[in-house]
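Hello,

Here is the structure for your files. My notes on it follow below.

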Amino acid sequence: MSRVAILMYHGLVRDPAALRDIDPAERPYTLLLDEFEGQLDALSRAGVPVLDPEVLHGCLPAGGGVVLTFDDGHASNAELALPALLARGQKACFFITTGFVGQRAGYCSWQQVRDLAAQGMRIGAHGHTHRFLAGLPAAQLREELDCSHAILAEQLGAAPRQMSFPGGRADADALARARLAGFELLHGSRPGALRAGGPTPSALLPRLAMRPGLSAGRFTALAQARSGPLLRARAVDAAKALARAVLGHERYHRLYTRLRA
Ligand SMILES: [Zn+2]
């Protein structure tokens, strides 16, 4: 059975030495440009179509494929990922943390976000300040969602239709409020894939986190949503969810950052 897997990337670096400048919490999700380009080429060799993220708004192609997404709005999205995608005629959706744009070192400027859109990339939201939205009081939840939606609409001249949740965390309130804000498709980060040939589910969408160091074979198997790699990814996710439940989010995050530093 064919599936559509949504792959979740973050920042890229050209040079391994540049990894030292990346926040330790983000290193486990930062790929070398060579590795990212190798993955795009592996998809092409395996005959896995890279789908325009817009297909998620209609019936998913029966042959399956992957959708590429990037979270946070790192400057490398525009500087490194965009040229790699354009060279291959591929599109991705970039989920932008609107409060970081032009404000934080290492993140896109508004000109870079507009360039991504002008070059045919899809732009979605990732909250305004990157606060985790599950459990947030109603007023702050509304602010994060309405603000990120309104700012992108104003800066790009078109309302964003998709968003991804910071940390992948969403509860029923956050999902309902996101729909009220105008987002039609909501991306999480629980591992999984969509059934090809039907509509995209309205629930929080599963995605596959791309971490450095996957072999081409394992990457391709994961991108094709084969059951072995998918089950392994789900087992790792379940273990992390358990650790978060036991330790509490803050202690879990501190421990995770220290282990990965
Ligand atoms: Zn994020």
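D72 is found in strand β4 (residues 65-72); strands here are DSSP runs of E with at least two residues, and helices are runs of H or I with at least four, numbered from the N terminus. The model is predicted, so local features need pLDDT of at least 70 and side-chain atom pairs count only at pLDDT 80 or more, while totals for chains, interfaces and linings use all residues. Residues are numbered from 1 along each chain as its sequence is written.

Phi of D72 is near 95 degrees, a positive value in a residue other than glycine. Most residues other than glycine have a negative phi. D72 counts as buried because 24 C-beta neighbours lie inside 10 Å (buried: 20 or more other C-beta atoms within 10 Å; exposed: 12 or fewer; partly exposed: in between; C-beta atoms placed from the backbone).

H130, in the loop between β6 (122-125) and α4 (138-156), also has a positive phi, near 70 degrees. H130 is partly exposed, with 18 other C-beta atoms within 10 Å.

Helix α1 (residues 33-45) packs against helix α2 (residues 75-87) at about 25 degrees, their axes 11 Å apart (axes are lines fitted to C-alpha atoms over the stretch in contact; angles run from 0 to 180 degrees between N-to-C directions). The two are therefore roughly parallel (under 35 degrees; over 145 is roughly antiparallel, 65 to 115 roughly perpendicular, the rest oblique). L33, F36, E37 and L40 in α1 meet L80, A81 and A84 in α2 (C-beta atoms, placed from the backbone, within 7 Å).

Regards

Notes:
Contact = placed C-beta atoms within 7 Å.
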